[in-house]
Amino acid sequence: MPDLQVPEYLAGLNPEQLEAASHFEGPLLVLAGAGSGKTRVLTARVSHLISEHGVPPDRILAVTFTNKAAGEMRDRITRLLGAEPSGMWVGTFHSVGARLLRRHADRLGWERSFSIFDSDQSLRLVKNVQDSIGLDPKRWSPKAIRAEISNAKNQLVDGDTFAKDTEGSFDLFLRNVGSVFTEYQRALKDQNAFDFDDLLMKPVQLFEDYPDLLDRYRERFSFILVDEYQDTNRAQFRFVELLAQGHENLMVVGDPDQSIYAWRGADIRNILDFEVAFPGALVVALEVNYRSSERILDAANAVIVENVNRPDKTLRTDRTGGEKITLVETFDESDEARWIVGEIETRIRETPGLSYNGCAVLYRTNAQARALEDAFRREGVPYQVVGGVRFYERREIQDVLAYLRLISNPKDAVAFGRVVNYPRRAVGLTTQEHMARWAAEQGLTLLEASARADEIPDVRAAGANGLMRFADLIQRFSLRATQATIGELLEKLVEDLDLVRHLYDEGPDGEDRTRNVAELIAGALDFDGMLMKGMDEGELDTFTELDLFLQQVALVADVDRLDPDAATATLMTLHNAKGLEFPVVFIAGLEEGLFPLSRAYDEADAIEEERRLFYVGITRAEDKLSLSWARQRRRAGDFTYGTLSTFVDAVPDELLDRRRSERLTRLQHSTPHRGRPRSEGRKSFDTTFEPDLDEAMNQDLPRFVKGERVVHQTFGSGAVVEITGFGRDLKVTIDFDDIGQKKLLVRYASLEKGWP
């Protein structure tokens, strides 16, 4: 018998991977542990469907979590097949939703050239709506209102339903959200715009309201694959459910142990209950990890097994042994940052083949990046930050994009308001108010009214001329956009606005701002060659390059801007690290109250999600993992005194190499020892803490004792009768001699030790 030749795309797969990749029809759940090769399985299955079963690429829909992952998937499939999978849809839920809406928005009452409002633009619109209905933004936070609207949309609740459900509520905030929600959605429609959440909610509405469309796309997408399924929300689940009903050729891949987005609506039950939603589904568990050493995986398994709400799954690897996990105690955040930078320099010096881009520093909150950046800059170590101030959120980039959005969508009032007087053209706020009032009376858009500004009462000639010049500029570039590439259009726009000179005139930051605009133009020029990827025939005839460029820009995520080839260390939050891997990983800030966040203790589900986030961080590391914590840290302008995170308790002691920073060791050696015995209980360093340092920094030890006398500069002297709370929340109840008892927050009270 001739040898059976295994196709290249199936070669080298382990038995579980092969079972998942060669599955043909029917629902399939792949429980893919961290580093278990899920991307390889997804791409192998797509290749198998096309090559072995003859499924045309345009009958396949693959949904990923990031644009970066979508690009990598398409490139891998192309390499495996030796040809582009023409017509196959690969993208994030948001990009797939936007693509559907570009085709069918008119059925919902929008034009196809709609704008996509990012978080900043939608927040501005919420504020505008609050002003219009007389709801004080200082009393009722626009951010909180927008968050509630976002959560409702992700649960597929529209504005009218929300308002009706909350109109009799005793919760005044929810009633106010209902009032804003309906007007906000009306304003979006008036401006021919969708926000991010609409890109998930509105396609579901399309399918539910128009059965003919649903039937068309069910037939079109005979096979559906969804990555990172554990992070889907109600709207995403319903979208997939609607498309898969009938043929049920749905493959979902995910890991309940890496579900870390409940705070933005993700529902872990979508993956845990998959077999309930799709009975008879084949379930394949991928438990072989190809990324991390044995010691790192042992730590990860020991941490995550403490969660209750998870399937029974244990990662294993052939990479036996490995370095111990370093656990370092530092004095404060600056000391911690210095230790991390020094350790990176040492590792690179002593490890052949390791470079800066093989090192990542992960942290729980963006605020932790400041001290780290200071240390990297001070030591001259190159780094990149994923997150923080995003490129597309920079002021000068937002200004240019506002011009492009208005050129694409003349109804975009938020974009109009941003650039109508930038650069200055004598269109002040008073002129804009007169024009807006007149536009509303005449039933015109702001841009249409600007073109007729010489007819507007109470608008001075200079203002009217500025408005008409602005309207003419937008009109000219709208015509140009139908023929020019986005790169050509953007270069000409920046030139006509004389933007470079205006940016330089702004002062010291002008040069940096100019470079950012130049980078935007470079990205637009690159976009010219990328357009045809994955587009259906005739789709480019429907939209301009400008429309599609703006869509791509609106949907770009922080992690999409990570340059893996840059010769820099990477700094990012643990959430942004999802799906990435590095030879050397540091997890900073492992103090109780910071990681896990103190508010997580309010709910069992929240503390389990924090633990999953720690698990995600651990499993990013291939060869070396270091954990660090600080005995004191400046947070929100105040010092807090820290204890080691309880999460670390789960890591077996034999896996840890415990250390102290040089500064902390030096400080302790310089403090006179008064013979305090070594503390027992939780895992502790085998060294005696000197009392001055220990008591000053341990949030579990109060700085006052019951019965001692204190003096307050306003209330006078008194005696401490009760002590509650910890760290920055430490409170004391004092029985003052003259005014009786008062409860005070220690960090604000400025108490001095009194006399007996």
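Are Tyr-403 and Phe-470 buried or exposed? Both residues are buried, where buried means under 20% relative accessible area, exposed over 50% and partly exposed in between, computed with a 1.4 Å probe on protein chains only. The model is predicted: local features need pLDDT of at least 70, side-chain atom pairs count only at pLDDT 80 or more, and totals for chains, interfaces and linings use all residues. Residues are numbered from 1 along each chain as its sequence is written, and side-chain values use heavy atoms, with hydrogens and water left out.

The rings of Tyr-403 and Phe-470 have their centres 6.1 Å apart and their planes at 65 degrees, so this pair is edge-to-face. The rule takes rings of Phe, Tyr and Trp (for Trp, the six-membered ring) and pairs them if their centres lie within 6.5 Å; planes under 30 degrees apart count as stacked, over 60 as edge-to-face and the rest as tilted. Tyr-403 belongs to helix H17 (residues 395–408) and Phe-470 to helix H21, so that the pair links distant parts of the chain, 67 residues apart. Helices (H or I, at least four residues) and strands (E, at least two) are DSSP runs, numbered from the N terminus.

By the ring rule, the count comes to 22 aromatic pairs. One of them joins Trp-140 and Phe-173, a stacked pair with 6.4 Å centre to centre and 25 degrees between the planes. Here too distant parts of the chain are linked: Trp-140 sits in the loop between helix H5 (119–133) and helix H6 (142–154), while Phe-173 is in helix H8 (residues 172–190), 33 residues apart. Trp-140 is buried, at a relative accessible area of 15%. Elsewhere, ring pairs connect Trp-89, Phe-93, Phe-207, Tyr-217, Phe-221 and Phe-239 into a cluster.

Charged side chains also meet aromatic faces. Arg-102 lies over the face of Phe-114, 3.9 Å from the ring centre, and Lys-578 lies over that of Phe-65, at 5.2 Å. The criterion is that NZ of Lys or CZ of Arg is within 6 Å of the ring centre and within 35 degrees of the ring normal.

H19 (residues 429–442) has 14 residues and reaches 20 Å from its first C-alpha to its last, close to the 20 Å expected; the expected span is 1.5 Å times one less than the number of residues. Within H19, Thr-431, Gln-432, Met-435, Trp-438 and Ala-439 are buried. Seen down the axis, the buried residues fall within an arc of 135 degrees, so they line one face of the helix; the arc is that of the directions from the helix axis to the C-beta atoms.

In the loop between H18 and H19 lies Pro-423, and the peptide bond from Tyr-422 to Pro-423 is cis, with omega near -10 degrees. Ala-426 is found in the loop between H18 and H19; its phi is near 65 degrees, a positive value in a residue other than glycine. Ala-426 counts as partly exposed at 49% relative accessibility. Just after H19, Gly-443 takes a positive phi of about 70 degrees.
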